[in-house]
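Subject: Structure handover

Hi,

Here is the structure I promised to pass on.

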Amino acid sequence: MRIVCPFCGERELGEFTYLGDAKPVRPEAGASEDEVFDYVYLRDNVAGETNEYWYHGGGCRAWLKVTRNTLTHEISSVEPAAGAGAAKVGA
Amino acid sequence: MVEFSWAPRSPLEHALVTGAHGTRGIEAGVSLTEIRNFDLIQVMARRGKGAELAKAAKARFGVTAPDAPKAVQGKDATLIWSGPDQFFVLSAGGKHTLQTLVPALSGPASLSDQSHARVLISISGVKARAMLAKLSSIDLHVGAFLIGAAAATSMDHTSVTLWRGNDRPDGLAVFNLLVFATFAESLWHTLLDSAAEYGVAISHSEELA
C-alpha cells in the first residue's frame with residue numbers, strides 16, 4: 001500500500017503510522033458518561049469507506065486524514081489534518 | 001572532578017575510517033564524504049505565519065524559501081525543505097547561526113539550532129544511485145530527481161533529509177544526506193554495506209558543496 005502525502009508525494013507505507021478512526025469528535029465539557037465512553041472506547045467496524053488519521057513520521061511529520069476503503073484498501077483522498085501545514089489548511 | 005571537553009566532535013569520529021572500503025582493485029564507484037563543522041538551523045513558521053516567514057526569509061537569503069520538497073541555494077546558505085512551513089538553513093563559517101537568524105526570523109518562526117544534532121553525508125560516484133536504490137524508495141533517476149530536488153524520507157527505518165546538490169566537476173550527481181546524530185553511526189554502517197560491492201572512497205571535509 002502507498003499513500004500520496006499532500007506535501008511529499010507518493011510514499012511507501014513504512015513511512016507512515018496509523019493512528020485510528022478520524023470520525024470521533026471530543027464531546028463538549030459536561031457531556032454524559034455514555035457520550036464520553038462512546039468517544040473513548042467505541043469504534044465502528046466499517047466494511048467500506050472510512051476516514052483515518054495517519055502520521056507521516058518517516059517523512060515530513062505531517063498528520064494526514066486518509067479516506068480508505070477497508071474492503072479494497074483503495075485510498076480515495078488524502079488531506080492534511082487540521083494544524084498540519086498551516087499554509088495549506090489555513091489553520 | 002571530571003574533565004569535560006566542549007570541543008565539537010563528529011558523531012562518526014569512530015565509525016568513519018578514511019580511505020578505501022569494500023571491493024579493491026577497481027576505481028571506487030561510490031564516494032562517501034562526511035561534511036563537518038556546518039551551521040544548521042531549523043526554521044518552522046508559527047501558526048498562520050507562513051506568508052510572513054516567506055517574506056522575511058526572502059529578505060534575509062535573497063531567494064524564495066522552498067514551500068515544496070526542494071533545496072534552494074541562497075546567499076551563503078542552502079535552504080532545504082523539511083516539512084510543511086518549515087525548512088533548514090545550512091551554511092558554514094558562522095554566516096547564518098542561531099544568534100544571527102533569531103532577530104531576522106523569530107517573529108514569524110520558531111528557530112532551533114541543529115548544527116550538532118545532525119550528521120551531513122555527501123554521496124557521489126558512478127554507483128551512487130545504485131547504492132542508494134538499495135536503501136531508499138525515492139525515485140533518484142537522473143530525470144526524476146533533478147538538481148535541487150529534496151525529500152524528507154526514511155532509509156533503513158531512519159528519518160533522513162535527502163537532496164541533490166550541484167553536480168561534481170566531472171558531471172556526476174551529488175546526493176546530500178542529513179541524519180540525526182545518534183542514528184548516524186548505524187546508518188553509516190548501512191551505507192558502507194550497501195556500497196561495499198562497488199568500492200568506496202571514504203573521506204571527511206569542511207567544505208560545503
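A definition to begin with: two strands count as paired if DSSP finds at least two bridges between them. With that in hand, take Phe38(B), which stands opposite Ala92(B) in S6(B). Please bear in mind throughout that this is a predicted model.

**Confidence**

The model comes with an ipTM of 0.89 and a pTM of 0.91. For chain B the mean pLDDT is 95, with 99% of its residues at 70 or more.

**How chain B is divided**

Chain B splits into domain 1 (19-36 + 116-205) and domain 2 (38-113). Taken over C-alpha atoms, the centres of domain 1 of chain B and domain 2 of chain B are 24 Å apart. Where they meet, ten residues of domain 1 of chain B are in contact with eleven residues of domain 2 of chain B. On the side of domain 1 of chain B that touches domain 2 of chain B, S8, S9 and S10 of chain B each supply at least two residues. S9(B) gives the largest share of that side, three residues. By type, the residues of that side of domain 1 of chain B are seven nonpolar, two polar and one charged.

**Around S6 of chain B**

Strand S6 (residues 86-92) of chain B has two antiparallel pairings to look at. Seven bridges link S6(B) to strand S3 (residues 38-45) of chain B, and the two run antiparallel; the Phe38(B) and Ala92(B) pair above belongs here. Five bridges link S6(B) to strand S5 (residues 77-83) of chain B, again in the antiparallel sense. Thr78(B) has Leu90(B) in S6(B) as its bridge partner. S5(B) and S6(B) form a hairpin with two residues between the strands, and Asp85(B) takes a positive phi near 60° there.

Why is S6(B) largely enclosed by the rest of the structure? Six of the seven residues of S6(B) are buried, so the strand is largely enclosed.

**The seven-stranded sheet**

Chain B also has an open sheet of seven strands, in the order S1-S12-S2-S8-S11-S10-S9, with mixed pairing. Its edge strands are S1 (19-21) and S9 (150-155) of chain B, each of which pairs on one side only. From one strand to the next, the twist averages 30°.

As a reminder of the background, strands of a sheet pair through backbone hydrogen bonds, either parallel or antiparallel.

Val160(B) has Val179(B) in S11(B) as its bridge partner, and Trp163(B) stands opposite Asn176(B) in S11(B). S10(B) also pairs with S9(B), antiparallel and over six bridges. In that pairing, Ala152(B) has Thr161(B) in S10(B) as its bridge partner. S9(B) and S10(B) make a hairpin with two residues between them, and Asp156(B) in the turn has a positive phi of about 50°. S10(B) is largely enclosed by the rest of the structure, because five of its seven residues are buried.

Which helix lies across these strands? Helix H4 (residues 181-195) of chain B does, lying across S1, S2, S8, S9, S10, S11 and S12 of chain B, and running at about 140° to S11(B).

**Where the chains meet**

The contact between the chains takes 14 residues from chain B and 15 residues from chain A. S9(B) supplies the largest share of the side of chain B that touches chain A, four residues. The residues of that side divide into five nonpolar, seven polar and two charged.

**Chain A**

Chain A contains two helices and six strands. Read from the N terminus on, its elements run β-β-β-α-β-β-β-α. Along the principal axes, the C-alpha atoms of chain A fill a box of roughly 40 × 35 × 20 Å. Of its 91 residues, 23% count as buried. Among contacts in chain A between residues at least 6 apart in sequence, 46% join residues at least 24 apart.

Happy browsing, and all the best

Terms used. Residues are numbered from 1 along each chain as its sequence is written. Chains are lettered from A and ligands numbered from 1 in the order in which they are written. This is a predicted model: local features need pLDDT of at least 70, side-chain atom pairs count only at pLDDT 80 or more; totals for chains, interfaces and linings use all residues. Axes are lines fitted to C-alpha atoms, for helices over the stretch in contact, and angles run from 0 to 180 degrees between N-to-C directions. Two residues are in contact if their C-beta atoms, placed from the backbone, lie within 7 Å. A residue is buried if 20 or more other C-beta atoms lie within 10 Å of its own, exposed if 12 or fewer, and partly exposed in between; C-beta atoms are placed from the backbone. Domain bounds come from an automatic or database domain assignment. Ala, Val, Leu, Ile, Met, Phe, Trp, Tyr, Cys and Pro count as nonpolar, Asp, Glu, Lys and Arg as charged, and the others, Gly among them, as polar. pLDDT is the predictor's confidence in each residue, from 0 to 100.
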